[in-house]
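Please look at the model below and keep it open while reading. The paragraphs that follow go from one chain to its partner and then to the place where they touch.

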Amino acid sequence: MEEALPFAPAFPDDDSDAWVAALRTSGPARDAATTRLYELLLRAARFEVNRRRGMLPHLRGDDLDDLATQSADDALMAIMAKLESFRGDSRFTTWAYKFALLEAAVKLRRRAWQGREIPLEPETWNLFEAERPTPHGSAEQGELLLEIQAAIRDGLSPHQREVLVALAINGVPIDVLAERLDTTRGALYKTLHDARKKLRAHVASKGMTV
Amino acid sequence: MNEDDRLIGRLLGPEGPELTCDECFEQLDRYVELELADADADRVIPGMRAHLEGCPACHEDHDSLKALAAGE
């Protein structure tokens, strides 16, 4: 018997249709809609900056507001270029917010790491040592970590190892690493995904369960 | 969950199929709306939850969008 579809909200709604229609038109109606959209994006960018301002304790209020303004500017450009791709699967405002939040989050992460060296080697392999100064977990976890360490050392390509170490061990934000390596978040995550797959296959081959 | 669990989780990532970062961004607004409506977002968009567990940046973007959209 066919299962009932899960409940889902009904979109597109009237308000979203009105947004898209106004932005697709020309003249004063479009100008007014663009102004309203920009205000909305600026609000979203400021929301994100306020959420993450702890990452940048040295920045003044004016600098943070500049960052929010740049994020809203870039988000508006992205949205106008991608307006035709809005499929109405959500409220238009939610769809638009994600562009402003992304722009602000990426700028915040990059600013927080500005001038900092990106560690591509583990800062310490002590994390993996069975007899660590302070035991963090069980003996089984220690053995698993040793196998993972062996797979990182022997089973990954140099690029996979650098990406995995930077992202998963040293906590470098993916957008920061993408900028430094002149690549994209998507390409780096694919590398990370492939590396993780190899590590999982290695520990499975040793009969270990995760 | 102890420190080792978290490290192992970061190294091995989520189990099973997951979306890419681009697919995640593409579907994020829809996923959040489904969550806010108490619908079964993970059934409608399989692979999103796993990706959010494996990608801290997309996870943060998700949390921000959900918080912002919830306040509308």
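What distance separates the centres of domain 1 of chain A and domain 2 of chain A? Taken over C-alpha atoms, that distance is 34 Å. The model is a predicted one. In chain A, domain 1 covers residues 14–112 and domain 2 covers residues 125–205.

Next comes the nonpolar core. The largest one has 69 residues. Those with the most contacts inside this core are Leu41(A), Ala100(A), Leu101(A), Ala104(A), Leu164(A) and Leu167(A). Helix H4 of chain A, residues 92–112, gives the largest share of the core, with twelve residues. Because domain 1 (14–112) and domain 2 (125–205) of chain A both contribute residues to this core, the core lies between them. As a general point, nonpolar side chains in soluble globular proteins tend to be buried together.

Leu101(A) is one of the core residues with the most contacts, and its surroundings can be followed in detail. Neighbours within four places in sequence set aside, Leu101(A) is in contact with Ala44(A) and Glu48(A) from chain A, and with Asp61(B), Ser64(B), Leu65(B) and Leu68(B) from chain B.

Chain B itself has five helices and zero strands, in the order α-α-α-α-α along the sequence. Its C-alpha trace spans about 40 × 25 × 20 Å along the principal axes. Of the 72 residues in chain B, 44% are buried. Among contacts in chain B with a separation of 6 or more, 65% join residues 24 or more positions apart.

How many residues of chain A are in contact with chain B? The count is 39 residues of chain A, in contact with 34 residues of chain B. On the side of chain A that touches chain B, at least two residues each come from helix H2 (28–52), H4, helix H5 (139–155), helix H7 (174–180) and helix H8 (185–205). Sorted by class, this side of chain A has 21 nonpolar, eight polar and ten charged residues.

The last point is the predictor's confidence. For chain B the mean pLDDT is 95, and 100% of its residues reach 70 or more. For the complex, the predictor gives an ipTM of 0.95 and a pTM of 0.90.

Key. Residues are numbered from 1 along each chain as its sequence is written. Chains are lettered from A and ligands numbered from 1 in the order in which they are written. This is a predicted model: local features need pLDDT of at least 70, side-chain atom pairs count only at pLDDT 80 or more; totals for chains, interfaces and linings use all residues. Domain bounds come from an automatic or database domain assignment. A nonpolar core is a set of buried Ala, Val, Leu, Ile, Met, Phe, Trp, Tyr and Cys residues joined through C-beta atoms within 7 Å. A residue is buried if 20 or more other C-beta atoms lie within 10 Å of its own, exposed if 12 or fewer, and partly exposed in between; C-beta atoms are placed from the backbone. Helices (H or I, at least four residues) and strands (E, at least two) are DSSP runs, numbered from the N terminus. Two residues are in contact if their C-beta atoms, placed from the backbone, lie within 7 Å. Ala, Val, Leu, Ile, Met, Phe, Trp, Tyr, Cys and Pro count as nonpolar, Asp, Glu, Lys and Arg as charged, and the others, Gly among them, as polar. pLDDT is the predictor's confidence in each residue, from 0 to 100.
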